[in-house]
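Hi,

Here is the structure I promised to pass on. Have a look first, and my notes follow below.

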Amino acid sequence: MIDFNGLDKTLIILVIIIFAIGLLCLYSASYNKSIELTRSFVLRQASWMLIGCFILLVFLIIDYQKIIDLGYVMYAIGLLALFLVILFGHTKLGAQRWVSIAGFNIQPSEFNKIIYIIVMAAYLGHTRARLLNIRGLLVPIILTIPPFALILAQPDLGTALILAPIFFSMLFIAGGQVKHLLALGVCGIASSPIFWHLLKGYQKKRLLVFLNPNADPLGAGYTIIQSKIAIGSGGLFGKGWLAGTQNQLNFLPERHTDFIFSVVGEEWGFFGALALIGLYFILLKRALVIIERTTDIYGKLLGTGIVTMLAFQVFVNIAMTIGLMPVVGIPLPFISYGGSSLWTTLIAVALLLNVGMRRTRF
Amino acid sequence: MKIKFISALISILFAILVAGLGYTQILRHKKYLVLSQNNRIRLVSIEGQRGRIYDRNSTLLVGNTPSFDVFVIPQELERSVDTLSRLAQMLGILPQEVFDAVQKNYTAPFAHILIKEDIIKEKVLMLEEARLCGVMVKVRPRREYKFKETASHALGYLGEIDRGELERLKGYGYQIKDFVGKTGVEKNYDTYLRGEQGGVQLEVDNRGFAVRSLGTKEGAQGRDLTLTIDIRLQEFIENLFFNKGGAVVVMGAATGEVFALVSKPDFDPNVFLRKERKVEVSGLLTRPDRPMFNRAISGLYPAGSVFKPIVAAAGLERKHINSGTSFSCAGRYNLGENIFECWDNKGHGPQDVRHALKNSCNVFFYQLGRAAGVDDIALFASRFGYGVPCGIDLAEEASGLVPNRLWKRLVKKEAWFEGDTVNLSIGQGYLLVTPIQVARMMAVFANGGSLVQPYVVKNIGGVDIITGRCKNTGISKGTLDVVKNGLWSVVNDETGTGRRAKAEGLSISGKTGTAQSPKGQNHAWFSGFSPSDEPKIVVTVFIEHGGKGGLEAAEIAGKIFAEAGRRGLL
């Protein structure tokens, strides 16, 4: 029998609260039916949550060690899925990110984030003594390049870039030398002009607009300007649920997915936004406690990757809605509409709980 | 240890987020709040009804009638072109016209576009029954000039505000596409007549489509005006003119209130309010006989003999002559080598000032004029109100011209010659006057020495206003009586030049004038007052190329006096 005594219930409650907030925002974002969105967004998101609970249970029941053992298999499947996207994927907003499987539109790049964390944990946990040498970084880099390149080629700059902090934090925990990592980081930044040429036109535009949103106020800059107006006009207490004019009158593009935080900021104000950020913060701190308590290096690595991923997504998503970061398509965990994103974060939580639940065995 | 490092890093990132949110939502809240309001709120103005205009007997002259106008609301229009084609068919116009109207006048999805003005009631019913999506019939008040051409110059007309006016009036709530008074009372009293602008606040979505109305402020009606004009008298006078050009001023002798202000040819102000009558408008604006031109206050003409009472007054007042002083007329007057003729070359013989006025004898006035000198004549002309606008409450009034030595030196670069004085003595030469100035001059004799300020509006929104201020000219009663005596003889003497002005049962005094026109036939003048002993009204008639003032002009004046008597103005 599986022992659920070590299960971190606080973490589960936090996820439920954040998800509930997300549903309320989604309801508000799709409230005005005269505008493109329909209310079924809430229903669909809720049903994905139900399915997601089963997935979570699966990833909770199976020992995470076994999951890590399957890391390379999943890695292969993940890369295959990314290939399929490039070959057959649907195109939305100029990017091929979705494949249809059994009637569902699935976004493999989302799942590849968690697969990447698992495979890195598998490799680094096994061979961390080699990391003292700079050549030890070679295999992790080789593991990183295929998913990174394939995701970037979709193109999905945001998701591809998430792999970088995960890579560095996991190597850091695994025992990589700080000077090596720094050198690698500098190399990465130095080679960014090459990536600039690989970027699609709209991505270049977004980065330029980040530097000056008013350069193209009706085009690429429109989203960020409207988002800042929404959040700023919310003030301390917000305009009230279902009463955000920027939201209800459709001035906010992408408000049910990447820009859902703008709805929070406009309708719930500074205090509401602060509360949501606080919830994320507590969640991450709980996760860090789990990592700290576990003695197993695989568990530590897995947990570190997941915490990094979640923290990075929360930070970049919110920062871009207030203009602190360029607009890259990164969803807000548990809140942005989308099944693949929701399931990926639920798997992440399941793995965290899994690590926390089983630490006593070692 | 390493976990602590990552934990600290996460804390820093979240602190950045909180700081960023605080900056956006607290420090810059006001700015973004304004921007969000600007995003969603649009103001659509509603014109308040313009004030009505009544004549002195409360007859409605200018009102507002409901006009059924067809509008299209782009946002409610179904995507297909079908609606517009059907609309065109029902209105009986080409579909292309409708498409063009929509395309040209599109400003915002919620802004109504005018397709056709003033459709008939049957078509309104038809459209209502058809229930075309995005098509609506709105009832708008449209200005209506009930008497059409009658008093058109005094009333004026409306037109779309032009750039200069907008620039000047922007601060007073005037907006682009507003209709404003262009001439007459409509222009001078525009700020009173103008309705207070109301508006609807609309909430719009990102495409500019109206979502709901946030509030409506009804426009307030403008203030009504009551004029001093008697529209029946005005109509009567205009009918006397047939198709001649000219002007008539009928004015209170002591008050300056204008009972009739006629300028012919005239125009129908209704034309300017209809898009489909554009052709007529351009016709009015370009016709060589200038129907838009208000001859009564803007037309500049030589005064001719109606100027003679001033020369007489100057002579008497300055003691160059007295009532018994005679000059002899042999039908002509020699000045050096120049010969100035009297209008009657048989000559009038010796005569005093009364007879000279009665006969309108040029030779008498040549001699009197020379005796008085240009300085005194010019001085008295100014005292009688010539050379300056009379201050009537209508725009575009002309000043006229009283020549003198200095003027001739500055403008003509020549010295003043005695011949100029001779010409000035009979109201010819450089002298230019407007019909209303002549009326005002005649009023000075009539009322015993006051220079009145003519006005046409006597009541604004129920409040009586006093616009006419009188100024004492300081002319002595003796002088005025002598001249008045002469003016009485003009009409009432068997041989008086203005005897045709006589009207039964009325005592009338006056002066005729025949002014040489630079081209064509002479202009005819008659200016007089009645009753002769206690004058109530002054009538000035001017007929362009009307020949001798003693003929038609005097006749018309007599009919006007008679009509004014019937209408109780005497």
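To start you off: which residues does L124(A) touch, not counting residues up to four places away in sequence? They are L131(A), P140(A), M170(A), L171(A), A174(A) and L301(A), where touching, or contact, means heavy atoms within 4.5 Å.

A word on the ground rules. This is a predicted model, so to speak of local features we need pLDDT of at least 70, and side-chain atom pairs count only at pLDDT 80 or more, while totals for chains, interfaces and linings use all residues. Residues are numbered from 1 along each chain as its sequence is written, chains are lettered from A and ligands numbered from 1 in the order in which they are written, and side-chain values use heavy atoms, with hydrogens and water left out.

Cores

L124(A) is one of the residues that touch the most other members of the largest nonpolar core, which has 111 residues; I114(A), F261(A) and Y280(A) are also among them. A nonpolar core here is a set of buried Ala, Val, Leu, Ile, Met, Phe, Trp, Tyr and Cys residues joined through side-chain atoms within 4.5 Å. Buried means under 20% relative accessible area, exposed means over 50%, and partly exposed is in between (1.4 Å probe, protein chains only). Helix 13 of chain A (residues 260-293) gives the most to this core, with 15 residues. Helices (H or I, at least four residues) and strands (E, at least two) are DSSP runs, numbered from the N terminus. Apart from that core lies another, of 93 residues, including I436(B), L487(B), V538(B) and F542(B).

Where the chains meet

The contact takes 31 residues from chain B and 43 residues from chain A. Together the two chains bury about 3,400 Å², 75% of it on carbon and sulfur atoms; buried area is the accessible area (1.4 Å probe) that two parts lose on being put together, summed over both. I3(B), F14(B) and Q25(B) supply 20% of the area that chain B buries against chain A, more than any other three residues.

The count between the chains is 1 salt bridge, meaning a side-chain nitrogen of Lys or Arg within 4 Å of a carboxyl oxygen of Asp or Glu. K4(B) and E292(A) form a salt bridge through their side chains, at 2.7 Å from N to O. On the chain B side, helix 1 (2-27), helix 2 (29-40) and strand 8 (198-204) each supply at least two of the residues that touch chain A. The largest share, 19 residues, comes from helix 1 of chain B.

Backbone details in chain B

The one from K264(B) to P265(B) is cis, with omega near -5 degrees, and P265(B) sits in the loop between strand 12 (258-264) and helix 11 (278-286). S530(B) and P531(B) are also joined by a cis peptide bond, with omega about -15 degrees; P531(B) is in the loop between strand 22 (523-530) and strand 23 (537-543).

D118(B) is not a glycine, yet has a positive phi of about 50 degrees. D118(B) lies in the loop between strand 4 (113-116) and helix 5 (121-130), and counts as partly exposed at 25% relative accessibility. K413(B), not a glycine either, has a positive phi of about 55 degrees. K413(B) is exposed, with a relative accessible area of 61%.

Cheers
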